[in-house]
Amino acid sequence: ALRRRTYGKKYNRSIVILTDAFHEVVIEEEQVLKVVDSLRDMNCKLHVVGLDFEESAVFEEALPESDAVPVKIEDAKQIDDESANTHSIDSEDDTNNENNDMSEEGDDETVDSNYDDNDAKRDTERFLISVARLTGGSVRAAHNLQQMLQQSLGKRIPASTRRKCKLYIAPTMDPLEIRVWLLLSKTNLPTLKKEAVLLGEDNKPLIDGLGNKVTSELQIVADHFDVVDKEMNVDEGARTKAVKYGSDWVPVNDFDLKGLKQQSEIKIVILGYINQSKISPGYCMGPPYGISGGDSIRASTALSALAQAMHRLSSCAICTYVKSQNADPILTAIFPHETLEMENGQELKRHGLVLLQLPFCGDVQKLTTESFQDLCTPEKEEVCDRVIDSMMLPNGVLDSDKIPNPAIRGFRKTVVRRAIHPSSMDVISARGDWFDVPNFDQSPLNKFRESFPIQVVKGKGASKKHEHYDPFADSQESD
């Protein structure tokens, strides 16, 4: 199936096997050679993720054809690990493998106790390593499910991690060569591609040799017609763009918009420093970016000193940031960030810098809400405090690293099901409880309902649409 679907096309072909290799396997050499030859012809790499494997190996290139013979199970112990050019990842000593001589009186046959299930497992591991070596693949040891998922799925590294940038700390200082990477990135559903299904002479969909419908890409063409003569199509050269200014239309084309852009390199310019309390958390926009010195010792030393000084003074830097070449600068703020890490049993503090975007004056929406300070008595405030205290979540319950997006999870399950069963049109929903909600104490909630009863309050008009619920009303007329 892999060859049939990818023949003649450019693919990075690979097969991932998840196994524990604990059971003894009988290998037919002729069949194995056919499979290995087919994988090598397709440039398909074999990757094995082994649960509780003792050895790991990563091969950058496939073995030359002259040496392309896999090792048999019975000869697996003869593998020369040094000639495999492997990179060991995990290796553990098997302390539970004690060989006891087993014999029974009266039997003519002697049971070989020197070869047990652990030996068979180790030989199978080495056999898989030899096959992975022939295809330029890898064998990775994993000891739990999380490691297995990381080895098989891999880690997505955004392109922004390789973004170089210049940081101007002060006007009279030379810029620092730094790296800026995206700390958070929202995951969206894959973009659906629209294609037209080709029909045959009998007005039925055409089917190719693989049993799939024959499709063709869609091309969207927009026509523009004259206002006076609606049947006359206006050519692209006779069109222009304009901006409405009052009752007039001011022509503005793409060249004018490019002329408004500033010629600038990718850089961050610090304008000054202020106290962190002066910036409201609600004004921070967009995803956060991390700043590091990369491979430059000079930049790393300067950023480390700057982060520690800003953390000690509780200050942040106001700066402008040009994300791409000749792009418009945006207003940003650099905050110090401190994390605690354990290393050799000692707690170490890591200082870093995080960049967040700030709004311009036209981006801020000034909203005002009515103050209920006169209605909130100390007794009611105490009731609210008890509700919050009773609903405090324990540590480790809400962990963003372990909560999947239910929409994306359901979409992927639906795609996998339809790929395995093409006739299935079911939609699998993964929406539900994100985490186990603990049982909260209901007495503070009952007290909250008594302190803030819900009552129907009539508005100025007689219509029912003006009726609303006022939870802060103590005594009002209700229906």
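1. Helices (H or I, at least four residues) and strands (E, at least two) are DSSP runs, numbered from the N terminus. By that count the secondary structure of this protein comes to 9 helices and 17 strands. The model is a predicted one, in which local features need pLDDT of at least 70, side-chain atom pairs count only at pLDDT 80 or more, and totals for chains, interfaces and linings use all residues. Residues are numbered from 1 along each chain as its sequence is written, and side-chain values use heavy atoms, with hydrogens and water left out.

2. Overall figures. Of the 479 residues in the protein, 23% are buried, where buried means under 20% relative accessible area, exposed over 50%, and partly exposed in between (1.4 Å probe, protein chains only). The accessible surface is about 36,300 Å², and carbon and sulfur atoms hold 51% of that; the areas come from the Shrake-Rupley method with a 1.4 Å probe, and for residues only the protein chains shown count as cover. Contact means heavy atoms within 4.5 Å. Among contacts with a separation of 6 or more, 65% are between residues 24 or more positions apart.

3. Asn43. This residue sits in the loop between helix 2 and strand 2 (45–51). Asn43 counts as exposed because its relative accessible area is 62%. Its phi is positive, about 55 degrees, although Asn43 is not a glycine. Most residues other than glycine have a negative phi.

4. Asn326. Asn326 belongs to the loop between strand 13 (315–322) and strand 14 (330–343). With 24% relative accessibility, Asn326 is partly exposed.

5. The second largest pocket. Its volume is about 320 Å³, a volume being the space filled by probe spheres set on grid points that are joined across faces, edges and corners. On a 1 Å grid over the protein atoms alone, a pocket is an open set of points where a 1.4 Å probe fits, with protein on both sides within 12 Å along at least five of seven lines; lining residues have an atom within 4 Å of a point. The lining has 15 residues, and Ile17, Leu46, Phe127, Leu128 and Val131 lie nearest the centre. Strand 1 (14–19), helix 2 (29–41) and helix 3 (117–135) each give at least two residues to this lining. By type, the lining residues are 13 nonpolar, 2 polar and no charged (Ala, Val, Leu, Ile, Met, Phe, Trp, Tyr, Cys and Pro count as nonpolar, Asp, Glu, Lys and Arg as charged, and the others, Gly among them, as polar).

6. Lys121. Beyond its neighbours within four places in sequence, Lys121 contacts Asp20, Ala21, Phe22, Leu51, Asp52 and Phe53.

7. Lys267. Strand 11 (residues 267–275) contains Lys267, which is partly exposed at 25% relative accessibility. Lys267 and Val322 are 55 residues apart in sequence, yet their C-alpha atoms are 5.4 Å apart.

8. Val180. This residue of strand 6 (residues 176–182) is buried, with a relative accessible area of 1%. Val180 and Lys164 are 16 residues apart in sequence and 6.5 Å apart, C-alpha to C-alpha.
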